[in-house]
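Have it open beside you as you go through the points.

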Amino acid sequence: MLNPAEFLEKYTEIGEKKASSGVKKLLLAGILAGFAIGIGSAVTAAASYSVESASIAKLISGVLFPLGLIMVLMTGAELFTGNCLMLISIRERRIRVGGMVRNLVLVYLGNFVGSVLLAWALRTFSGPHMADGLVLKMISTAAAKCSFTFIEALGLGILCNILVCTAVMMALCAEDSVGRAVGVFGPVCCFVICGFEHCVANMYYIPAGLLALTLPGAGAVVTAAGLDISALTWGNFLLGNLLPVTIGNLLGGLAFAWLLWSAHHKKSA
């Protein structure tokens with residue numbers, strides 16, 4: 001297993017490759033990652049919607065959601081939040097800032113497409129057969145995420161990506177697939193249970209809730225539950241949640257990468 005200094009050397013090369021990847025590859029790998037994180041998000045809702053205890057439902061979500069990031073790493077997909085670690089390659093003077101920005105923009109677009117496409121596909125093909133409880137779970141989750149203030153979403157995004165980047169680091173320090181999966185599990189489980197905000201997961205969660213509202217009978221389910229969905233709009237999704245969470249994720253990931261490099265690069269040893 002790699003120590004932190006050895007990880008910096010390994011990721012420096014990884015970041016260099018990411019910065020030089022072609023547009024098509026980054027977009028397609030980004031779509032794949034958006035789909036994988038979306039699946040992790042979808043399975044948490046499907047497995048926990050009928051659980052009456054909120055604490056047990058959150059625990060179930062924490063156990064299942066890491067499957068999304070495990071799939072990202074195992075398939076070689078590109079995830080915006082994890083790629084914030086490319087700052088390590090910048091600090092090592094192996095890539096320029098423009099190379100990282102190019103990667104993050106293209107991957108972010110791909111993540112968005114993959115996540116929203118999954119939300120649309122599930123609404124189109126599974127939606128008419130979903131249990132009322134699951135429909136309500138999807139809508140209530142999306143509404144809750146849209147109810148955060150800008151500062152709250154920003155702060156929860158910062159905390160989230162510190163843990164996501166920790167998970168990526170721990171996974172890449174492992175020598176085999178089992179070690180990678182174990183490395184991912186702990187930090188991601190923690191951020192889910194703590195209720196932190198991940199922009200790519202929200203690219204699935206909130207569109208899924210908005211699309212669930214268009215299902216026949218969804219309005220009656222929401223009314224019967226007394227759920228306030230006034231904050232759940234496409235505009236509030238993009239500007240009230242996705243924007244601050246994305247900024248927070250970026251700041252958290254860059255801060256983690258900077259601290260890691262500053263503490264463990266060769267000149268500081």
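1. Which element gives the largest share of the lining of the largest pocket? Helix H7 does, with five residues. Please keep in mind as you look that this is a predicted model.

2. Now to the pocket itself. The largest pocket has a volume of about 530 Å³. Its lining is made up of 23 residues, and those closest to the centre are Lys58, Thr141, Lys145, Val192 and Tyr205.

3. H7, which spans 132-145, is one of the helices that give two or more residues to this lining. The others are H2 (23-48), H3 (54-64), H9 (177-194) and H10 (199-212).

4. Next, have a look at the second largest pocket, which holds about 370 Å³ of space. Here 18 residues form the lining, with Ile14, Lys18, Leu73, Ala77 and Glu78 the closest to the centre.

5. Three elements to trace around the second largest pocket are helix H1 (4-20), helix H4 (66-75) and helix H8 (150-173), each of which gives two or more residues to its lining. The largest share, four residues, belongs to H1.

6. How do the residues lining the second largest pocket divide into nonpolar, polar and charged? Nine of them are nonpolar, four are polar and five are charged.

Notes: Residues numbered from 1 in each chain as written. Predicted model: local features only at pLDDT ≥ 70, side-chain atom pairs only at ≥ 80, totals over all residues. Heavy atoms only, no water. 1 Å grid on protein atoms, 1.4 Å probe; cavity = no way out; pocket = protein on both sides within 12 Å on 5 of 7 lines; lining within 4 Å. Points joined across faces, edges and corners; volume = space filled by probe spheres on them. Nonpolar A, V, L, I, M, F, W, Y, C, P; charged D, E, K, R; others polar.
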